[in-house]
Amino acid sequence: MNNIRPNALIIIVKDNYVLAEKGVDLNTNKTFYRLMGGGIEFGELSSMTTKREMLEELNVEIINEEFLCSIENIFEFNSKKYHELTFLYKGEFLDKSMYEKQIIQRVDGYSSYSEWVSISEIKKGNIIFYPEKAIEYL
């Protein structure tokens with residue numbers, strides 16, 4: 001299927017750490033981290049997508065959201081090619097207790113989780129982070 005997927009992702013920072021979801025490419029067996037967010041639904045503004053996705057995935061509200069840039073990304077994951085248009089935002093948790101959690105489990109039935117990942121280690125290239133262009137906004 002050759003579709004371009006529009007999505008919105010959000011940067012949430014705590015000290016020198018960014019919240020990101022851990023993943024593994026089953027083809028290369030490489031661990032990576034990706035910003036939280038998801039696909040934009042028809043009729044939904046990208047600014048509402050991050051708010052909806054964070055409520056659905058982590059049951060948390062986002063405040064002080066600010067648009068940063070758009071990113072066009074073509075990549076391969078699990079031996080499939082993807083093309084996405086990303087609207088990148090930064091924001092904060094309304095519930096400040098979320099910053100105290102080291103690992104944040106998803107509440108939507110998926111077994112994946114998010115964790116606070118060292119920005120300095122990402123910038124040094126020691127951690128695989130997607131989308132790569134977002135690194136300059138950390």
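Tutor: Welcome! This is a predicted model, where local features need pLDDT of at least 70 and side-chain atom pairs count only at pLDDT 80 or more, while totals for chains, interfaces and linings use all residues. Residues are numbered from 1 along each chain as its sequence is written, and side-chain values use heavy atoms, with hydrogens and water left out.

Student: Why is Thr50 called buried?

Tutor: Buried means under 20% relative accessible area, exposed means over 50%, and partly exposed lies in between (1.4 Å probe, protein chains only). Thr50 has 0% relative accessibility, so Thr50 counts as buried.

Student: Which residues does Thr50 touch, leaving out those up to four places away in sequence?

Tutor: Contact means heavy atoms within 4.5 Å. On that basis Thr50 touches Ala8, Leu9, Ile10, Glu65 and Tyr89. Thr50 itself sits in helix 1; helices are DSSP runs of H or I with at least four residues, strands are runs of E with at least two, and both are numbered from the N terminus.

Student: What makes Phe67 and Tyr89 an edge-to-face pair?

Tutor: Rings of Phe, Tyr and Trp (its six-membered ring) pair if their centres lie within 6.5 Å; planes under 30 degrees apart are stacked, over 60 edge-to-face, and the rest tilted. The structure holds seven aromatic pairs. In this one, the centres of Phe67 and Tyr89 are 5.4 Å apart and the planes are at 70 degrees, so the pair is edge-to-face. The partners are 22 residues apart, with Phe67 in strand 5 and Tyr89 in strand 6. Ring pairs also join Phe67, Phe87 and Tyr89 into a cluster.

Student: Are Phe67 and Tyr89 buried, partly exposed or exposed?

Tutor: Phe67 has 42% relative accessibility, so Phe67 is partly exposed. Tyr89 has a relative accessible area of 7%, so Tyr89 is buried.

Student: Why is Gly125 called exposed?

Tutor: Its relative accessible area is 56%, so Gly125 counts as exposed. Gly125 lies in the loop between helix 2 (119-124) and strand 9 (129-130).

Student: How do the residues of the lining of the largest pocket divide?

Tutor: There are 11 nonpolar, 12 polar and 14 charged. Ala, Val, Leu, Ile, Met, Phe, Trp, Tyr, Cys and Pro count as nonpolar, Asp, Glu, Lys and Arg as charged, and the others, Gly among them, as polar.
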